[in-house]
Amino acid sequence: MKEATHILATDLDGTLVGDRKGLDELLEFYKNQQYEVSLVYITGRHYQSALSLIEEESLPVPDVLITDVGTEIHLGASLEKDRDWEKMMLEHWQPEAIDELAGSFEGINKQHLPVTNRCSYYAEDIGNVEAFEQRLVSAEIPHKLIYSGGVDLDILPAGSGKGAALEYILEKFNARDAKLLVAGDSGNDKEMLTLGFPSVIVGNAQSELLESPESPMIFRASKACAGGIQEAWTHFYPE
């Protein structure tokens, strides 16, 4: 992917994946271009779950796979883990202390995932979420809080997140001058959609994104999922 000229950085569920016809049309569209589009998948799924989805949906293997809401990065055809990013993520990470604090709140229930690089919960009361974050701050536990869909609460290492991981990749591969499109549909995509790069909120996006401020760099697609990505690509890059 080094010095790529064109890049699609996209969420998976509800964005690239969700409309088979639109996905097939998008992949065919890219295949027919004279340039090659490097693919960066940025998902809330953990690594093994992302691999399963890639296989189930017959998705192209990406140049970069960013999983767990931006806390883990895998590179190249073999999807080898980026150890430099991992080291940064783990430097001040305290998952046990975070889980202990979460356990003191009724209504914040742990999602049991096979990973330790994020702490994920179900929480439907925004008041609980805000009180939990205040406790994390008071305990001086470094973290980033992402709340999306009115139920999914992720506590991540400080310095992580989908936007931070994408910035890291662009810097690592000297790809800041590439023609880039960022695509998403939910609250945990907001960080990467508001970096200032050409971006698309797909037509089926959750209300938390639809209510976000207007920006000339954020295209609001009328089509859902991959169809919306293609719609935005031709808007930003008509030739």
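User: Where does Y147 lie?
Analyst: Y147 lies in strand β8, residues 144-148. Elements here are DSSP runs numbered from the N terminus: helices are H or I with at least four residues, strands are E with at least two. The model is predicted, so local features need pLDDT of at least 70 and side-chain atom pairs pLDDT 80 or more, while totals for chains, interfaces and linings use all residues. Residues are numbered from 1 along each chain as its sequence is written, and side-chain values use heavy atoms, without hydrogens or water.

User: Why is Y147 called partly exposed?
Analyst: Its relative accessibility is 21%. Buried means under 20% relative accessible area, exposed over 50%, and partly exposed in between, with a 1.4 Å probe and protein chains only. So 21% makes Y147 partly exposed.

User: What does Y147 touch, leaving out residues up to four places away in sequence?
Analyst: Y147 touches A123, E124, D125, I126, V129, D152 and L153. Contact means heavy atoms within 4.5 Å. Y121 is 26 residues from Y147 in sequence, and their C-alpha atoms are 9.6 Å apart.

User: What makes Q111 count as buried?
Analyst: Q111 has 11% relative accessibility, therefore it counts as buried. Q111 is found in the loop between β6 (108-110) and β7 (119-123). Beyond four places in sequence, Q111 is in contact with S120, Y121, Y122 and D152.

User: How do you know that M89 is buried?
Analyst: The relative accessible area of M89 is 4%, so M89 is buried. M89 lies in helix α3. Not counting residues up to four places away, M89 touches G70, T71, P157, A158, G159 and S160. G159 is 70 residues from M89 along the chain, with 7.4 Å between the C-alpha atoms.

User: What is the phi of D68, and why does D68 count as buried?
Analyst: Phi is positive, about 55 degrees, although D68 is not a glycine. D68 sits in the loop between β3 (64-67) and β4 (72-75). Its relative accessibility is 0%, so D68 counts as buried.

User: What makes N174 partly exposed?
Analyst: N174 has 49% relative accessibility, so it counts as partly exposed. N174 lies in the loop between α6 (162-172) and β10. N174 also has a positive phi, near 50 degrees, and is not a glycine.

User: Why is α4 called oblique to α5?
Analyst: Helix α4 (residues 95-102) and helix α5 (residues 126-138) pack at about 135 degrees, with axes 10 Å apart. That makes α4 oblique to α5. Angles under 35 degrees count as roughly parallel, over 145 as roughly antiparallel, 65 to 115 as roughly perpendicular, and the rest as oblique. Axes are lines fitted to C-alpha atoms, for helices over the stretch in contact, and angles run from 0 to 180 degrees between N-to-C directions.

User: Which residues of α4 and α5 meet, and how do they divide?
Analyst: I98, L101 and A102 in α4 meet F132, R135 and L136 in α5. These divide into 5 nonpolar, no polar and 1 charged. Ala, Val, Leu, Ile, Met, Phe, Trp, Tyr, Cys and Pro count as nonpolar; Asp, Glu, Lys and Arg as charged; the others, Gly among them, as polar.

User: How do α3 and α6 pack?
Analyst: Helix α3 (residues 83-90) packs against α6 at about 145 degrees, with axes 12 Å apart. D84, W85 and M88 in α3 meet A164, A165, Y168 and K172 in α6. The contact holds 5 nonpolar, no polar and 2 charged residues.

User: Which residues of α1 and α9 meet?
Analyst: G22, L23, E25, L26, F29 and Y30 in α1 meet A226, G227, I229, Q230, W233 and T234 in α9. By class there are 7 nonpolar, 4 polar and 1 charged. The two helices pack at about 35 degrees, with axes 7 Å apart.

User: Which residues touch the most other members of the largest nonpolar core?
Analyst: L8, I229 and W233 do, in a core of 31 residues. A nonpolar core is a set of buried Ala, Val, Leu, Ile, Met, Phe, Trp, Tyr and Cys residues joined through side-chain atoms within 4.5 Å. Two or more residues each come from α1 (20-31), β2 (37-42), α2 (47-56), β10 (179-184) and α9 (225-236). α9 gives the most, with 5 residues.

User: What is L8 in contact with, leaving aside its neighbours within four places in sequence?
Analyst: L8 is in contact with L26, Y30, V37, S38, L39, V40, L181, I229 and W233. A second, separate core has 28 residues, including A4, A9, L170 and L180.
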